[in-house]
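The following paragraphs lead the reader through selected features of one structure. Please keep the sequence and the coordinates at hand while reading.

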Amino acid sequence: MSGEASANGEKLRLTVAEARRDDVGRGIARLDPETLRQIGAAPGDVLEIEGRTKTVAKAMPTFKEKRGQQVIQLDGVGRTNAGVALGQKAVITKVAHAVARRVVVAPLGAGALHEDEIEHTASRLDGLAMKTGDRIRIALFGGNHRDFMVVRTEPDGPVMIHPDTLLAVETARGGPSGKTETVPEDIVTYDDLG
């Protein structure tokens, strides 16, 4: 597939570029407004981003300096979820999504969450697009962050978090053998180094 839209205008192959610093952790993908039109999307729509794996993000327009370059700007967590690195190509498609009724997440790394952290996490998820298996990053007080794995969404498939979405936090996941599954530890991306 080339950098042009497919015959049905629904998919594009774009080069992955670094997200702006203030976009890190917001679950958005920035594209040229003309590129969004080519795939039939508008700001706020949910996009599927496919590299070695697939993820979803909310579409937003790029700023003028990135327009006309056939790029998609993703933060480090989005790139990890899509299985792509800076400079690689990803296939972009507008996808249908539902409003999440319930989302189950598991914190990655050490330590349980305190009740005030759960409330803060819930408030930071509002408006995020996600699917089961995605990693999400929540900014905490003092410039720190906490990563979570999306264990389950109801309904299944791409969802958008809404203020009425119920958030459940798991401390450990039981695998098919009854043993606790391990989830990948914290990753460090270029965005973290700033």
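**Rings, sheet and a buried aspartate**

The structure holds 0 aromatic pairs. This count, like every value below, comes from a predicted model. An aromatic ring does take part in a contact of another kind: Arg 20 lies over the face of Phe 63, at 3.8 Å from the ring centre.

Attention now turns to the sheet. An open sheet is formed by 4 strands, ordered β10-β11-β8-β13, and its pairing is mixed. The edges are taken by β10 (135-139) and β13 (166-169); each has a single partner strand, so one side of each is left without a neighbour in the sheet. From one strand to the next, the twist averages 35°.

Within this sheet, strand β8 (residues 102-107) pairs with strand β11 (residues 145-154) in the antiparallel sense, over 6 bridges. Val 104 has Arg 152 of β11 standing opposite. A helix accompanies the sheet: α3 (residues 115-125) lies across β10, β11 and β13 and runs at about 110° to β10.

Asp 23 is found between β1 (11-18) and β2 (28-31). Is Asp 23 buried or exposed? Its relative accessibility is 3%, and because buried means under 20% relative accessible area, Asp 23 counts as buried. What is Asp 23 in contact with, leaving aside its neighbours within four places in sequence? The residues in contact with Asp 23 on that basis are Ile 28, Arg 30 and Asp 75.

Note on methods:
Residues are numbered from 1 along each chain as its sequence is written. This is a predicted model: local features need pLDDT of at least 70, side-chain atom pairs count only at pLDDT 80 or more; totals for chains, interfaces and linings use all residues. Side-chain values use heavy atoms; hydrogens and water are left out. Rings of Phe, Tyr and Trp (its six-membered ring) pair if their centres lie within 6.5 Å; planes under 30 degrees apart count as stacked, over 60 as edge-to-face and the rest as tilted. A charge sits over a ring if NZ of Lys or CZ of Arg is within 6 Å of the ring centre and within 35 degrees of the ring normal. Two strands pair if DSSP finds at least two bridges between them. Helices (H or I, at least four residues) and strands (E, at least two) are DSSP runs, numbered from the N terminus. Axes are lines fitted to C-alpha atoms, for helices over the stretch in contact, and angles run from 0 to 180 degrees between N-to-C directions. Contact means heavy atoms within 4.5 Å. Buried means under 20% relative accessible area, exposed over 50%, partly exposed in between (1.4 Å probe, protein chains only).
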